[in-house]
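Here's a quick briefing to read alongside the coordinates. Have the viewer open, and we'll go topic by topic.

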Amino acid sequence: MSDEAPPKDEQVVGDAGAADEDVPPPGQGVASSKSSLSEAESLLIDMMKRQATVKAPSGGADILAAGRQLGKDDDGEDGGGDGKKKHAFWETQPMKVNESDQSDQSGSGSGSSSSKKAAKNASKSGSTAAADEVAGALDDGTTMQHCPIVPNKPREELRQEPYNMPKGFEWSAIDVLDETQRNEVYDLLTRNYVEDDDAQFRFDYSPPFLLWALTPPGYSKDFHLGVRSSKSGKLMAFITAVPADVRAYEKSVPMVEINFLCVHKKLRSKRLAPVLIKEITRRVNLTGVFQAVYTAGVVLPVPVASCRYYHRSLNPKKLVEIGFSRLAPRMTMARMVKLYKLPEKPSTPGLRPMEPKDVPSAHKLLDEYLSKFKLCVKFSQDDFAHWLLPRKGVINTYVATKKKDGEDDETVTDLISFYHLPSTITNHPKHNRLSAGYSYYNVATSVDAEDLMRDALILAKNEGMDVFNALNLMENDSFLKELKFGIGDGELQYYLYNWACPEMTPKDVGIVLL
């Protein structure tokens with residue numbers, strides 16, 4: 001998922017239409033959509049005052065970030081004021097001991113980042129049992145790098161039974177190949193996933209997009225984990241994991257990509273999110289996978305990298321009308337339209353939609369390109385075909401090719417790809433949809449990267465998109481300023497679950513999560 005929230009860079013949850021039987025009775029802490037997030041954030045911040053520096057979600061991540069509230073005990077019971085143990089989110093996350101701890105303790109760490117302080121304070125507080133069983137812990141309190149933080153365990157040492165759910169709820173494996181169940185997921189996400197602070201924009205993941213995002217080669221239905229109301233059967237919460245072979249520095253590790261953590265707004269006070277995280281972790285661990293990659297808009301211990309979104313206006317008049325953009329002082333609408341005007345056609349010779357016949361060559365091109373980055377996915381050819389072959393309204397991919405002397409087959413020299421993630425516009429008299437394209441994987445060898453990405457903007461505009469978004473990762477900094485991208489106001493943190501490695505800069509990151 002894109003971890004950037006809709007335009008106003010905030011995330012809330014929203015749905016006013018749940019059936020009464022799916023909502024806890026009065027007295028169990030049901031809150032409105034506005035107060036629900038506010039309460040969750042205040043609980044989280046209050047809890048972590050002595051443990052970590054928490055950055056409020058500004059880039060809007062998946063609710064893996066903002067929904068991490070106070071947890072449950074292993075039996076799903078509330079950790080209230082009756083003496084029962086309270087579980088923090090950190091107890092679901094192995095954390096490495098930060099190398100800057102020693103200098104910070106001596107008073108020389110004033111320049112360290114908030115993420116490092118978060119790791120230090122959380123580790124010092126002993127808020128996670130995992131911190132006490134760090135793999136390769138050294139005498140000075142630091143950890144070895146490029147290895148699991150908590151050692152991988154044999155299957156027989158893992159919890160075999162699912163975590164207990166609160167009364168009235170039950171686990172449900174969701175079959176996204178079934179249209180009815182896929183539409184249930186769509187409805188839950190559409191009404192309850194990522195919104196801006198004023199509930200004006202809401203992500204609209206289409207059912208075809210969900211099918212693409214959740215069914216790569218090797219996916220498991222057991223990792224499409226739902227929570228249903230025992231009484232009505234209505235889907236009330238959701239979390240997913242899909243397989244990925246991830247290379248961090250020089251080591252390739254089988255991981256999962258965690259995404260789409262969503263809890264119905266009226267159940268936020270039930271604190272289902274930590275239970276969902278622990279249960280998806282348990283299920284993944286039982287398959288022999290103990291690492292994961294995910295993104296969030298908050299700073300948790302410890303980001304491996306921090307990136308920022310940039311936005312390029314394609315339909316400036318509409319963006320101003322809906323409040324996404326505004327006219328700068330002394331700027332007229334006519335001047336703004338002229339400023340962002342693009343050519344009608346791409347300039348790269350022979351640029352065309354990618355076809356199945358291009359997959360072997362295009363896969364080789366991307367694989368070689370990603371080898372220069374410290375964090376990337378190692379796509380198999382089947383993976384590449386799934387993620388990059390065009391799907392109408394979901395993913396657009398274009399290639400430029402040439403024939404080598406004496407060969408009949410064409411070699412892919414350049415690659416453009418972007419995916420579609422629109423937002424619903426609420427309560428606007430004229431517009432109800434914001435069409436957004438997100439830069440995915442792009443490789444330029446026969447033309448300049450700036451020229452290739454200008455073509456990407458042209459192709460996105462011709463698809464009817466209003467705005468084009470890109471992170472400042474890989475080599476994207478080479479074209480962002482020149483192509484008039486505006487900097488976003490939210491950062492996107494990249495995390496590796498249960499894997500220790502040095503932090504890296506945005507230009508070292510070669511992975512884009514949906």
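The largest nonpolar core here has 79 residues, and the ones with the most contacts inside it are Leu375, Tyr419, Tyr440 and Tyr494. A nonpolar core means a set of buried Ala, Val, Leu, Ile, Met, Phe, Trp, Tyr and Cys residues joined through side-chain atoms within 4.5 Å. Another core, of 31 residues, lies apart from it, and includes Phe169, Phe223, Val275 and Val284. As background, nonpolar side chains tend to be buried together in soluble globular proteins.

This is a predicted model, where local features need pLDDT of at least 70 and side-chain atom pairs count only at pLDDT 80 or more, while totals for chains, interfaces and linings use all residues. Residues are numbered from 1 along each chain as its sequence is written, and side-chain values use heavy atoms, with hydrogens and water left out.

**Confidence**

- The chain averages a pLDDT of 78 (the predictor's confidence in each residue, from 0 to 100), and 71% of the residues score at least 70.
- Over residues 1-93 the pLDDT is below 50, and the model gives this stretch 269 contacts beyond near neighbours in sequence; a contact means heavy atoms within 4.5 Å.
- Residues 95-136 also stay under 50 in pLDDT, with 84 contacts beyond four places in sequence.
- Where pLDDT is low, the predicted coordinates should not be read in detail.

**Salt bridges**

- There are 17 salt bridges in the structure, each being a side-chain nitrogen of Lys or Arg within 4 Å of a carboxyl oxygen of Asp or Glu.
- Asp187 pairs with Arg191, with the closest N and O atoms 2.8 Å apart. These two sit four residues apart in helix H5 (residues 179-192), so about one helical turn separates them. Helices (H or I, at least four residues) and strands (E, at least two) are DSSP runs, numbered from the N terminus.
- Asp187 is partly exposed at 32% relative accessible area, and Arg191 is partly exposed at 37%. On this scale, buried means under 20% relative accessible area, exposed over 50%, and partly exposed in between (1.4 Å probe, protein chains only).
- In helix H12 (residues 449-462), Glu450 and Arg454 lie four residues apart, about one turn of the helix, and their side chains meet in a salt bridge at 3.1 Å, N to O.
- Arg454 also forms a salt bridge with Asp451, where the closest N and O atoms are 3.0 Å apart. Asp451 and Arg454 are three residues apart in helix H12, about one turn.
- Arg454 counts as partly exposed at 24% relative accessibility, as does Asp451 with a relative accessible area of 30%.

- Which peptide bond is cis, with omega near -15°? That's the one from Pro301 to Val302, and Val302 lies in the loop between strand S6 (292-296) and strand S7 (305-313).
- Asn427 has a positive phi of about 60° although it is not a glycine. Asn427 lies in the loop between strand S12 (423-425) and strand S13 (433-434), and counts as exposed at 80% relative accessibility.
- Asn498 isn't a glycine either, but has a positive phi of about 55°. Asn498 lies in the loop between strand S16 (486-497) and strand S17 (509-510).
- Is Asn498 buried or exposed? At 3% relative accessibility, Asn498 counts as buried.
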